[in-house]
Amino acid sequence: MAVTFSDLHTADGLKALETHLAGKTYVSGDAISKDDVKVFAAVLSKPGAEFPNAARWYETVSAALASRFPGKAVGVNLPGAGSAPAAPAAEAAKDDDDDDLDLFGDETEDDKKAAEERAAAKASAKKKESGKSSVLMDVKPWDDETDMKKLEEAVRSVQMEGLTWGACKELLSVCVIAAYLFACDIQLKYFYVAAKLVPVGYGIKKMTIMLTIVDDLVSVDSLIEDHLTMEPINEYVQSCDIVAFNKI
């Protein structure tokens, strides 16, 4: 049975669409169809936060249309569209049986590749916008016989996207780091590239090292639990403590 929507440019019209989309991804069925395109054409812009179902649906259809029509739009003016936004949808309804244009036919390999490239570009842009943090960490060996050079090599062997061992001077939080340096008598230069060995007693030394992370990509807890204290690195590392954690 056909579903009727009216005045989708008004709050009452969007409310009806919101109710219809509760528990649904698309207007009709489990896949995007011409029904979605018609309704999308009648909605002037993305519904507000008070219409979460309609807003989600609007973004889904918008993304589908964008993937099929990747060209950059400059905008067009349609006289009378503001006062009668449902008119284009009504005209489109006359073409229900017109199969000359299939907006959602099977994707070609080129279509899939283009979609993947756009998704990768968006993900890359998001990563660039992500915040960073500088972390000061103490890495403790098992005993005084642990080879600290190999311990450092093992720690630095952990490589992942968003993780940098060391930090640039402009990325350090002066207040917290300076307090720690004063207490431990560690020279600031060690935090830019190298690690520093600090005596803790009974001939045992711990390694203090700085790292910089991209917040959305690296979890310090996971770094410690899943890498630094797991085989084979735990042959040298007993435990790790976060001394300072500062947003950059």
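Q: What should the 17 residues of helix α3 span, and how far apart are its end C-alpha atoms?
A: At 1.5 Å a residue, helix α3 (residues 52-68) should span 24 Å, and its end C-alpha atoms are 25 Å apart, which agrees. The expected span is 1.5 Å times one less than the number of residues in the helix. Helices (H or I, at least four residues) and strands (E, at least two) are DSSP runs, numbered from the N terminus.

Q: What is the basis of these values?
A: This is a predicted model, in which local features need pLDDT of at least 70, side-chain atom pairs count only at pLDDT 80 or more, and totals for chains, interfaces and linings use all residues. Residues are numbered from 1 along each chain as its sequence is written, and side-chain values use heavy atoms, without hydrogens and water.

Q: Which residues of α3 are buried?
A: They are N53, A54, A55, W57, Y58, V61, A64 and L65. Buried means under 20% relative accessible area, exposed over 50%, and partly exposed in between, with a 1.4 Å probe and protein chains only. The cover over these residues includes α1 (11-20) and α2 (34-42).

Q: At what angle do the axes of α2 and α3 cross?
A: They cross at roughly 110 degrees and come within 10 Å. That makes α2 roughly perpendicular to α3. Angles under 35 degrees count as roughly parallel, over 145 as roughly antiparallel, 65 to 115 as roughly perpendicular and the rest as oblique. The axes are lines fitted to C-alpha atoms, for helices over the stretch in contact, with angles from 0 to 180 degrees between N-to-C directions.

Q: And which residues meet there?
A: From α2, D36, V39 and F40 meet W57, Y58, V61, S62 and L65 of α3. By class, this contact has six nonpolar, one polar and one charged residues. Ala, Val, Leu, Ile, Met, Phe, Trp, Tyr, Cys and Pro count as nonpolar, Asp, Glu, Lys and Arg as charged, and the others, Gly among them, as polar.

Q: Where is V43, and what does it contact?
A: V43 lies in the loop between α2 and α3. At 5% relative accessibility, V43 counts as buried. Leaving aside neighbours within four places in sequence, V43 is in contact (heavy atoms within 4.5 Å) with L8, L14, L17, W57 and Y58.

Q: Changing topic: how many residues has the largest nonpolar core?
A: It has 24, and those with the most contacts inside it are M137, V139, W165 and L228. At least two core residues come from each of β1 (132-141), α6 (148-156), β2 (163-165), β4 (204-214), α8 (220-228) and β5 (237-247). Another core, of 19 residues, lies apart from it, with L8, A42, V43 and A54 among its members. A nonpolar core is a set of buried Ala, Val, Leu, Ile, Met, Phe, Trp, Tyr and Cys residues joined through side-chain atoms within 4.5 Å.

Q: Is I224 buried or exposed?
A: I224, in helix α8, is buried, with a relative accessible area of 12%. Beyond its neighbours within four places in sequence, I224 is in contact with M137, T229, C240 and I242.

Q: What about backbone geometry: which residues does a cis peptide bond join?
A: The bond joins E231 and P232, with omega about 0 degrees; P232 is in the loop between α8 and β5. Y202 has a positive phi of about 60 degrees although it is not a glycine. At 82% relative accessibility, Y202 counts as exposed.
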